[in-house]
Amino acid sequence: MGLFDRDRGDAKTEEQRAEEPLRPEEMEQRPPRDERQRDDPEGEYQWHTGHQRPHGEEDAVEFVEVHKAFGRNKILRGLNMGIPDNKISMILGPSGTGKSVCIKHMVGLLYPDDGDVLVHGESVPNMPDDDLFEMRKKFGVLFQDGALFGSMNLYDNVCFPLRQHTDKSEDEIGEIVNRRLREVGLEGAADKMPNELSGGMRKRAGFARALVLDPDIVLFDEPDSGLDPVRTALLCELIQEIHEENGGAYVVITHDIMSAKRVAEYIAVLWKGRIVESGPAEELFNSDNQFVRQFLSGASRGPLGME
């Protein structure tokens, strides 16, 4: 039986399971009612068990009671989350729930109002500027649209981090860039300008650029955004192949469930600025938590509505 296949003796679909009433064993996962009412009088977090299932690796990134607000808009509200090393992790959740804000905290583009963010055990908000600059070299980032420089051809776009952050010769740079372009299937497109590339090619070019510094952690901000289903599937395969070859922590921000089923090894479900549940993908796809079940099956009925 495959990773996400159900026993054929169970005739219920994911959507049917999502719409089932709460069972007694599910109630046991949540705190007693009086305790929930005291800590969460409006019942806003009744499905947030915060349960972090073991994943067998050290955390590459860790959020500890992180709060972040923009004016009166509270985005992260006591976020506790660990991102395991050497796995492809996905942070899933409804739109506007703080997924991209998490990425910006990891690389020190945003700092928490309260709490801490650790990268390989080091506090990002407490780093001096020089240490923060060095820490950022651990990261590669694939932005939503590839974020290529429109005035540079593909080769120079991928070269950019090496020219900015290393003292390597042009011959050394060329060897690294050509290898990364081969890995993403763009070895024949080095002279093309960004406006000559399809959406999928721009994503792959951004992926190549994210890899040239041999990062320990690669961040993908909705890599499937703007791609058709076939190219999304091909990009997911590419992410898997490159991760198998290079290792490290890959963190994918998305709300695309098919992408999660294809590549995720670890899933954290984020809603209302906190983790509902997190753990190995197989366990999350079989969770009894009604919110997790509804979101990962795409069911219309459940705790998540149109609000």
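Me: Does C102 count as buried or exposed?

Reply: In this predicted model, the relative accessibility of C102 is 0%. Buried means under 20% relative accessible area, exposed over 50% and partly exposed in between (1.4 Å probe, protein chains only). C102 at 0% therefore counts as buried.

Me: What relative accessibility does C159 have?

Reply: C159 is another cysteine that counts as buried. This is because its relative accessibility is 0%.

Me: How many disulfides does the structure hold?

Reply: A disulfide is a pair of cysteine sulfur atoms within 2.5 Å. The number of disulfides that the structure holds is zero.

Me: What percentage of the protein chain counts as buried?

Reply: The protein chain has 307 residues. Of these, the part that counts as buried is 48%.

Me: How many helices and strands does the protein chain have?

Reply: Helices (H or I, at least four residues) and strands (E, at least two) are DSSP runs, numbered from the N terminus. The secondary structure of the protein chain comes to 12 helices and 11 strands.

Me: Which residue of β3 is the bridge partner of V66?

Reply: Strands β2 (residues 59-70) and β3 (residues 73-84) run antiparallel and are joined by nine bridges; two strands pair if DSSP finds at least two bridges between them. In the hairpin of β2 and β3, two residues lie between the strands, and G71 takes a positive phi near 65°. Across from V66, the bridge partner in β3 is L79.

Me: Which residues are in contact with V107, leaving aside its neighbours within four places in sequence?

Reply: V107 is found in the loop between α4 and β5 (114-119), and it counts as buried because its relative accessibility is 9%. Contact means heavy atoms within 4.5 Å. With those neighbours left aside, the residues in contact with V107 are L132, M135, R136, F139 and L219.

Me: What distance separates the C-alpha atoms of V107 and V119?

Reply: V107 and V119 stand 12 residues apart along the chain. Their C-alpha atoms are separated by 8.8 Å.

Me: What share of the contacts with a separation of 6 or more comes from residues 24 or more positions apart?

Reply: Here the contacts are those in the protein chain with a separation of 6 or more. Residues 24 or more positions apart account for 69%.

Methods:
Residues are numbered from 1 along each chain as its sequence is written. This is a predicted model: local features need pLDDT of at least 70, side-chain atom pairs count only at pLDDT 80 or more; totals for chains, interfaces and linings use all residues. Side-chain values use heavy atoms; hydrogens and water are left out.
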